[in-house]
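Subject: Structure handover

Hello,

Here is the structure you asked about, together with notes on what was found in it. Please read the notes with the structure open.

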Amino acid sequence: WMGFYVFVGKIFESLPNLIFVIMNERNVAMNWSLLSLCIFFLGAALVIFAMADFDELVERAKQVSTSRKEKDTEEGNSEIYPSD
């Protein structure tokens with residue numbers, strides 16, 4: 001799944017530039033081409049504002065990691081974790 005995630009991420013990275021170039025090559029007015037880029041920036045800003053506080057996310061990640069480690073230890077899979 002990680003390869004698919006990276007693949008889709010690269011597509012999303014290139015999409016704003018591709019749209020801008022296509023609009024520019026079709027002789028669309030430059031202000032509309034630049035507006036298409038602003039839409040992507042607005043979308044990114046909305047995603048960032050929707051995220052929780054960084055410290056809260058780190059704490060949640062630690063809790064999930066600890067609970068998974070405890071579960072694996074109970075199931076006898078403790079060899080996948082290095083000894084502390």
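Ser-36 is buried, since its relative accessible area is 11% and the limit for counting as buried is under 20%. Please keep in mind that the model is predicted. Ser-36 belongs to helix H2. A polar atom of the Ser-36 side chain lies 2.5 Å from the backbone oxygen of Ser-33. Leaving aside residues up to four places away in sequence, Ser-36 touches Ile-19, Phe-20 and Met-23.

**Overall make-up**

The protein has 3 helices and 0 strands, and its pattern along the sequence is α-α-α. It has 84 residues, of which 6% count as buried.

**How H1 and H2 pack**

Helix H1 covers residues 2-25 and helix H2 covers residues 30-50. Their axes are 9 Å apart, and the two helices pack at an angle of about 165°. H1 and H2 are therefore roughly antiparallel to each other, as angles over 145 degrees are counted that way. The crossing of H1 past H2 is right-handed.

On the H1 side, the residues in contact are Leu-15, Pro-16, Asn-17, Ile-19, Phe-20, Met-23 and Asn-24. They meet Met-30, Trp-32, Ser-33, Leu-34, Ser-36, Leu-37 and Phe-40 of H2. By type, the residues of this contact are 10 nonpolar, 4 polar and no charged.

**Phe-40**

Phe-40 also lies in helix H2. Is Phe-40 buried, exposed or partly exposed? At 30% relative accessibility, Phe-40 counts as partly exposed, because that class lies between the limits of under 20% for buried and over 50% for exposed. Again leaving out residues up to four places away in sequence, Phe-40 touches Leu-15, Pro-16 and Ile-19. Phe-40 and Pro-16 are 24 residues apart along the chain, and their C-alpha atoms are separated by 6.8 Å. Ile-19 is among the residues touched by Phe-40, and it is also one of those touched by Ser-36.

**Asn-27 in the loop**

Asn-27 is found in the loop between H1 and H2. With a relative accessibility of 70%, Asn-27 counts as exposed. Its phi is positive, at about 60°, although Asn-27 is not a glycine. Most residues other than glycine have a negative phi.

Regards

Conventions: Residues are numbered from 1 along each chain as its sequence is written. This is a predicted model: local features need pLDDT of at least 70, side-chain atom pairs count only at pLDDT 80 or more; totals for chains, interfaces and linings use all residues. Side-chain values use heavy atoms; hydrogens and water are left out. Axes are lines fitted to C-alpha atoms, for helices over the stretch in contact, and angles run from 0 to 180 degrees between N-to-C directions. Helices (H or I, at least four residues) and strands (E, at least two) are DSSP runs, numbered from the N terminus. Angles under 35 degrees count as roughly parallel, over 145 as roughly antiparallel, 65 to 115 as roughly perpendicular and the rest as oblique. A crossing is left-handed if the near helix is turned anticlockwise from the far one by less than a right angle, and right-handed if clockwise. Contact means heavy atoms within 4.5 Å. Ala, Val, Leu, Ile, Met, Phe, Trp, Tyr, Cys and Pro count as nonpolar, Asp, Glu, Lys and Arg as charged, and the others, Gly among them, as polar. Buried means under 20% relative accessible area, exposed over 50%, partly exposed in between (1.4 Å probe, protein chains only). A polar contact is a pair of N or O atoms within 3.5 Å; within protein, one must be able to donate a hydrogen and the other to accept it, and residues adjacent in sequence count only if both atoms are side-chain atoms.
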